[in-house]
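Subject: Structure for you to look at

Hello,

Here is the structure I said I would pass on. Please open it beside this message, and read my notes after it.

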Amino acid sequence: MTEVKASPAAAPAAAGPSAGTGTRRAARVKEAATGWLFVLPFAVLLIAFLLLPMAYAFKISLYRSTLIEGEVFAWFDNYKQAIEDPWCARAWSGSWSSVWSRPR
């Protein structure tokens with residue numbers, strides 16, 4: 001039989017539990033930073049082209065604009081008016097039926 005000897009490279013790992021933790025931590029930080037760099041363009045575009053316009057649309061939906069008075073803060077009166085409007089109710093019922101209907 002042949003004798004197996006430990007290689008000299010394995011000696012530092014046996015030096016103690018803290019040997020090499022700094023390099024593992026640096027590798028994890030580098031991996032996390034790389035992940036965030038891949039996600040960052042998507043996050044910027046999502047915020048710029050979806051979330052900010054939606055927030056702005058909601059903000060202006062709370063105002064009533066008239067020629068003489070200008071913009072008046074109306075709270076949820078615009079939504080109340082839309083809910084009470086029969087034409088809007090027909091449009092909503094038609095859109096809901098098209099969303100929830102099964103294709104045949």
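Is L50 buried or exposed, or does L50 count as partly exposed? L50 has 40% relative accessibility, so it counts as partly exposed; buried means under 20% relative accessible area, exposed means over 50%, and partly exposed is in between, with a 1.4 Å probe and protein chains only.

Some background. This is a predicted model, in which local features need pLDDT of at least 70 and side-chain atom pairs count only at pLDDT 80 or more, while totals for chains, interfaces and linings use all residues. Residues are numbered from 1 along each chain as its sequence is written, and side-chain values use heavy atoms, with hydrogens and water left out.

The whole chain

The chain has three helices and two strands, and they follow the order α-β-β-α-α along the sequence. Helices (H or I, at least four residues) and strands (E, at least two) are DSSP runs, numbered from the N terminus. Of the 104 residues, 4% count as buried. The accessible surface of the chain is about 9,900 Å², and carbon and sulfur atoms account for 69% of that. Such areas come from the Shrake-Rupley method with a 1.4 Å probe; for residues, only the protein chains shown count as cover.

The patch

L50 sits in helix α1, residues 21-61. L50 also belongs to a nonpolar surface patch with F42, L46, I47, L51, L52 and M54, and together these residues have about 660 Å² of accessible area. Patch residues have over 30% relative accessible area and no salt bridge; nonpolar side chains (Val, Leu, Ile, Met, Phe, Trp, Tyr) are joined within 5 Å, and like charges within 9 Å. A salt bridge is a side-chain nitrogen of Lys or Arg within 4 Å of a carboxyl oxygen of Asp or Glu.

Leaving aside neighbours within four places in sequence, S61 is in contact (heavy atoms within 4.5 Å) with N78 and Y79. The side chains of S61 and Y79 are joined by a polar contact of 2.6 Å. A polar atom of the S61 side chain also lies 2.6 Å from the backbone oxygen of F58. A polar contact is a pair of N or O atoms within 3.5 Å; within protein, one must be able to donate a hydrogen and the other to accept it, and residues adjacent in sequence count only if both atoms are side-chain atoms.

F58, F76 and Y79 form one aromatic cluster.

W75

W75 lies in the loop between β2 (70-73) and α2 (77-84). W75 is not a glycine, yet has a positive phi of about 55°. Its relative accessibility is 54%, so W75 counts as exposed.

Regards

Terms used: Phe/Tyr/Trp six-rings, centres within 6.5 Å; stacked < 30°, edge-to-face > 60°.
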